[in-house]
Amino acid sequence: MNTYLNKIFAGRKDGSVEIWNVSSGKLVYTILPPGKNCGAVTAMCPTPALSLLGIAYAEGALVIHDIRTDKTIIHLNASEPISSISFRTDELGAGDDGRKAGVMATAGLDNGDVTFWDLNGGGRVMGILRGAHNPPSDAGAVVGGGVSKVEFLPGQPVIVTSGLDNSLKSWIFDETPYSAIPRILHSRSGHAAPITRLLFLPSDADGADAGGKWLLSAGKDRSLWGWSLRRDGQSTELSQGNIRKKAKKLGILGSTFANEPSTTLEDLKAPEITCLAMSLNRDGGMGANAGSGAIWQKGNSGPKKSTDATASGVTGWESVVTGHRDDKFARTWFWGRKKAGRWAFETGDGGNVSSVAMSCCGTFAVVGSETGGIDMFNLQSGLHRQRYPSKLTPAQARKLKIQQAEGGVAKSFQPGLGKHKKAVTGLIVDSLNKNVISCSLDGKIKFWEFLTGNLVDEIDWHPMVAITGIRYHAANDLIALSCDDLSIRVVDIVTKKTIREFWGCKDGINDFCFSNDGRWIIAASKDCIVRVWDLPTGHLIDAIRMETACTALAFSGTGEFLATTCEGQVGVNIWNNKTLFTHVPTRHISENEIAQISGPTVSGEGGHGVIDGAFEDEADEDHDSTPALSLDQLSEDMMTLSLVPKSRWQNLLHLDAIKQRNKPKEPPKQPEKAPFFLPSLEKPKPISGVEEKKADESIAERSRIMKMDRLSSEGAFTVSLRAGGESGDYTPFITHLKTLSPSAADLEIRSLTPNPGEETDELVNFVSALTSRLKQRRDYELVQAWMAVFLRLHMDEVTRDERLAEALREWRECQEGEGRRISDLIGYCGGVVGFLRNPR
């Protein structure tokens, strides 16, 4: 109450309202309920009129009470308990023409409706906004519903509502023509139930979405959302048809019957999504032809409209495939149009869908079932194309029976055989559409020929483990498999060999993925820890202990973000990749070093900015516990690069271009003229004294410059170069040259003077210094940069000085010999690696 200073109003469960003085801490007054069975106070809100308070009770009573006189002004009865009250303050909206003041809005948790009251003439219901938010689901359901808060904006015909369906909406009242019920103005919403699956959009053929902009998420509320990481206003739910229109027809939204319908709003959607796959190479964007038929046409043998397939061949077709809980149909979605697709693919053996995959070309979808069947469908036409294993013809079946009876079955895999005995838990199509890789709870990894459907190879881990998931990294042809023994095994699909095994999870693995470059494997387990393993070293390099278990995660294709979602939460946490702006050691960490971290909130509390890590104190950074390698050359047989920053020798090569680019475009401007009236000096000096002082300063300045010139004539560069020529050891000279900036090094190389007739020639000594460094196999890139600058500046002297030409010939012979040696080593290593990777 604005006019009651230092007073608070507290509603009690017995229906009374207490007024407390917060300054003295004393109870000032108690307002009794209007009746005996009103119940607890559920909501209170001050009205725009002075000393009037709106009070709602659990049994439906709603009163406007005068605090000053302790009298009830208006008594109303609501059909449902009220949890929020708000009053309109722009003095409009009431009456038959909406020109009077006195509008009140109420809402409750038992439905998604907002009721508007006209308080003039004793009060009446002037309108009900049906289905402002989703109604609550069945008792005990995880999907939230109901209106939690309504609030009029001060002085505006706008009301803001928030619901337990994780949505925030604003509504506006129209004055001409007058309407007692507002229309939607803005809306922001998300999943109404915990999220179960996450997937960053892959890059399409033209790289339009290669920036890690979009994130797909599926939740227990049976919805599929696309989130924009750049602009929140672009985030949207993929449409499953006009669900709210169907719900209103069935009486689910805004039902006025005494007996509520048994069907809920979620029942009109597809079942909960358990797996999803995506490829954007044939996505048509907003211009994709969605066809003229209904969404999710079921049945493999039913009539398919050829015109739909022909039209989509020009504009593109669906790019997302999802599998659903306890459902034998896999459904397609248009990503560009953000809506449900045309097809619902049924499993060939009638089992429920357990996994899905898409080919990299975006044309085929592969569906695995809980009974072990695998089927491939064409996304353009919606037709069934292949079964894994392929179906035998009658002649092939008779031949196989004869071979089995005679005991002469070949050792190779026979067509039509090899079906998984248990649920298919993962499917992969390689980047060339040559093989389909499947894994199952029966502990087997099978490699199928994509076109024929025949089994070509198999890895059998039964009965050691059961495989629960598979992930594929196309760049290095590696697959990672999660097993029920709490391990993650990495297999090379070319050699069919296990190359890494990662252990450490204390409970079941919920989700895992590769990093964008394939160097890391990130896994989330039920022990509330997200672990990061380094694939080359096999070390556990990072781990995050969360408050609740992480149920899903995804790594962006650009390597910038890691998206995670936790158990019981409807939001997605976005983590920055710290290696983009700071060094991260690859040492192995122990379980004792894992720290617990709380996820950031929606408002950003508890989180960090994108570049916060770049400003951390370097003293607090962890360093590798392994002993640091020596900075010197490890072996004399190894060609070693320098530790000089790359910018130094690269800028040295292009110093002329840099100077030309940095040259000022305009000449320096003359200073502004002095003002006409100059301030007078307190003790003006004679002109002759000023001139004498300037003359003395100029003489001192010239003497200082001449002194510096004499000192710099024999600098460290020249002294160390001459000493190296006399002793034959040019190491001090090279060390000094490495410390010079690009401009200083360019100046010193330019200042080299030829002395053809003398014993010490600076040009010859400089070439000899570079040759000796090349023979030592050190600072290779610096030697090449210095020689390139030297030849550009002193090429004319080479033709006139025979000693210099001879020194350059020696340098070239050393350079060519070292090049041949390194080429032979690279060829040898490449041959060995090719031999080891070749399975034959």
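Guide: An open sheet of 4 strands runs in the order S25-S26-S27-S28, with antiparallel pairing. This is a predicted model: local features need pLDDT of at least 70, side-chain atom pairs count only at pLDDT 80 or more, and totals for chains, interfaces and linings use all residues. Residues are numbered from 1 along each chain as its sequence is written, and side-chain values use heavy atoms, leaving out hydrogens and water.

Visitor: What makes S25 and S28 the edge strands?

Guide: Strand S25 (353–358) and strand S28 (384–388) each pair on one side only. A strand is a DSSP run of E, at least two residues.

Visitor: How do you know that S25 and S26 pair?

Guide: Pairing takes at least two DSSP bridges. S25 and strand S26 (residues 364–369) are joined by 5, so they pair, antiparallel. Valine 356 stands opposite valine 367 in S26.

Visitor: Why is arginine 197 called partly exposed?

Guide: Its relative accessible area is 29%. Buried means under 20%, exposed over 50%, and partly exposed lies in between (1.4 Å probe, protein chains only). Therefore arginine 197 counts as partly exposed.

Visitor: Where does arginine 197 sit, and which residues does arginine 197 touch?

Guide: Arginine 197 is in strand S16 (residues 195–200). Contact means heavy atoms within 4.5 Å. Leaving aside residues up to four places away in sequence, its contacts include Leu216, Thr274 and Ala552.

Visitor: How far is the side chain of arginine 197 from threonine 274?

Guide: One of its polar atoms lies 2.8 Å from the backbone oxygen of threonine 274.

Definitions and conventions. A polar contact is a pair of N or O atoms within 3.5 Å; within protein, one must be able to donate a hydrogen and the other to accept it, and residues adjacent in sequence count only if both atoms are side-chain atoms.
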